[in-house]
Amino acid sequence: MAGRDQFETLFREFLQGNLTRRQAMLRAAGLGVGVAVAGPRLAAAAPASRTGVRFGRAQDATPKPGGTLKFGMQSDPGGLDPHLQSLTAIWHVVEHIYSRLTKVQPDLSIAPELADSWDVSEDGLTYTFKLHQGVKFHNGREVVAADVKYSYERLVDPKTASPSASTLASMASVEAPDNYTVVLTLKAKDASILANLGADASCIIIPKEVVEANGDLSQVAVGSGPFKFKEYVPNTHVSLEKNADYFEEGLPYLDALDLLIASEDTSRTAALVQGTVDIIEYTPPKDIEMLKSDSSIALAGNSIQQIRMIGFNLRRPPFDNVKVRQAINMVVDRQAIVDAALQGFGTPADIPFSQDFWPALKRDVPPPDVEGAKALMAEAGFADGFKTTLTTWAEYITIKDSAVVVQEQLKQIGIDAELNALDTGSMGQTVYVKFDFDMAVTGQSAFVDPNQLVSGFKTGDSGNFNGYSNPEVDKLLDQGIAETDQAKRAEIYQQIQQILLQDLPWVNLYIGQQYEAMKTYVKGYVHIPTGSNLSVREVWLDK
């Protein structure tokens, strides 16, 4: 009867105009019910067909140089210094301006970028990189090995206080014996190091003199990438122009790249349909079927290396009580979240990896168990529940909508969670730097190697925003990066996942699908499963 009473209250609020249709849909999903409003069922089911989606490059003609690509972005970067913050939004800007030693290909393999080649010592502790010669920063100075040394040392320097410092946690030293040789020495074997150098935006190579002249790189950017920084107007746009001296011959094809901030889903889709922008990222799931039927628009994507979760602050009661975390895990209805927040474009998950990723623990996601969750809450001393806060992203609408559904589902076990939706900059500081939160509906993405994701569970790791600590997990994490045999590594990471399913520093929710939508005259774009838009350097406009 409690569920029916909640349903009737919800329906009255909708009829009285106190809730929008979308709010009613999300809250209905949180209660595990469907609500019929003006005909259609609000808790949308998964689409029957997802065909007609373009994957990979569509290079069906000779590229035409010139023009400006207008790219509709999900979120403002909140600054331009990737050593000072670790948000996806900043990565989607700086990847066009800077270069790294290595880069991630669409098939998730690692390829050279600034490095022409590298050798690994027999003991696996020393990586010697030979740099491509003649590469220039946008200020005209040649990129040399000393710049790599400076960049990596700045990242791990405690004075920088980078939330991404753990990316190079295995680095013992970095040296530049000559202008074109970089020697990276590790404390212990690290099978993830090449992926870290190529996939993490914090491993960009920067010129020391620019940092010293400006204090940091929050408002300036001088790299060696395909585009030069021109202007950043917060919450409006980032303007870039072609780097005519870019070292990859013939690239980029575009004269300019204008990254337009359009965080509201409807406005981003409308801008594409109306031609205000040429391409958008994070295509809203609710608009995918409509865009597929538009002959002027093509879609790229689907596969994405990501996980969305509820992260707990284990420094604060009652989330230091594992039974509370287990109760929340038990009450969560993941399919309802996927249906309501992603329109079915996602896969429920209670582990951090997709089932087709090689280290994944093979398992089915158990259904929610409200009565079992109530029993655990009673055992933990919270039979009547408690009040708390649920922090999330204001600008990533699918994550925010997921938080709304979670908020409703938690009410079933007496948890009254006030939603706290923050802009990108505030979210980064509040959750990942200051750790000033109770629960957070958030996500991780862009990992190529499993260690890039689960290293955040290591005691004292800069990415460990939960405050989680388990000596057994620490030991397994060390073993995981020291092992080079993939099958043996998979066994190690599966052991870690089994422990995390019991300890639950995160309650994993789902793995989404991600699409980029573009006008059909946009050619050469390739979807990369990390979410990177690196292939923009090969985009050209057929108009």
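How many bridges join β4 and strand β5, and in which sense do the two strands pair? To find out, select β4 and then β5 (residues 126-131): they pair in the antiparallel sense over five bridges. Strands here are DSSP runs of E with at least two residues, and helices are runs of H or I with at least four, both numbered from the N terminus; two strands count as paired if DSSP finds at least two bridges between them.

Before going on, keep in mind that this is a predicted model, in which local features need pLDDT of at least 70 and side-chain atom pairs count only at pLDDT 80 or more, while totals for chains, interfaces and linings use all residues. Residues are numbered from 1 along each chain as its sequence is written, and side-chain values use heavy atoms, with hydrogens and water left out.

**The sheet.** Zoom in on Trp 118, whose bridge partner in β5 is Phe 129. Then widen the selection to the open sheet of four strands, which runs in the order β4-β5-β7-β6 with antiparallel pairing. Its edge strands, β4 (115-120) and β6 (171-178), each pair on one side only.

**The salt bridge.** Next, select Lys 64 and Asp 542, whose side chains meet in a salt bridge at 2.7 Å, N to O; the term stands for a side-chain nitrogen of Lys or Arg within 4 Å of a carboxyl oxygen of Asp or Glu. The pair links distant parts of the chain, 478 residues apart, with Lys 64 in the loop between α2 (21-31) and β1 (68-73) and Asp 542 in the segment after β21 (540-541).

**The cavities.** A cavity is a set of points, on a 1 Å grid over the protein atoms alone, where a 1.4 Å probe fits but cannot get out, and its lining residues have an atom within 4 Å of a point. Select Tyr 282, Pro 285, Thr 398, Gln 513 and Gln 514, which are the closest to its centre among the 19 residues that line the largest cavity. Helix α12 gives the most to this lining, with three residues.

The largest share of its lining, three residues, comes from α16.

Technical notes. On a 1 Å grid over the protein atoms alone, a cavity is a set of points where a 1.4 Å probe fits but cannot get out, and a pocket is an open set with protein on both sides within 12 Å along at least five of seven lines; lining residues have an atom within 4 Å of a point.
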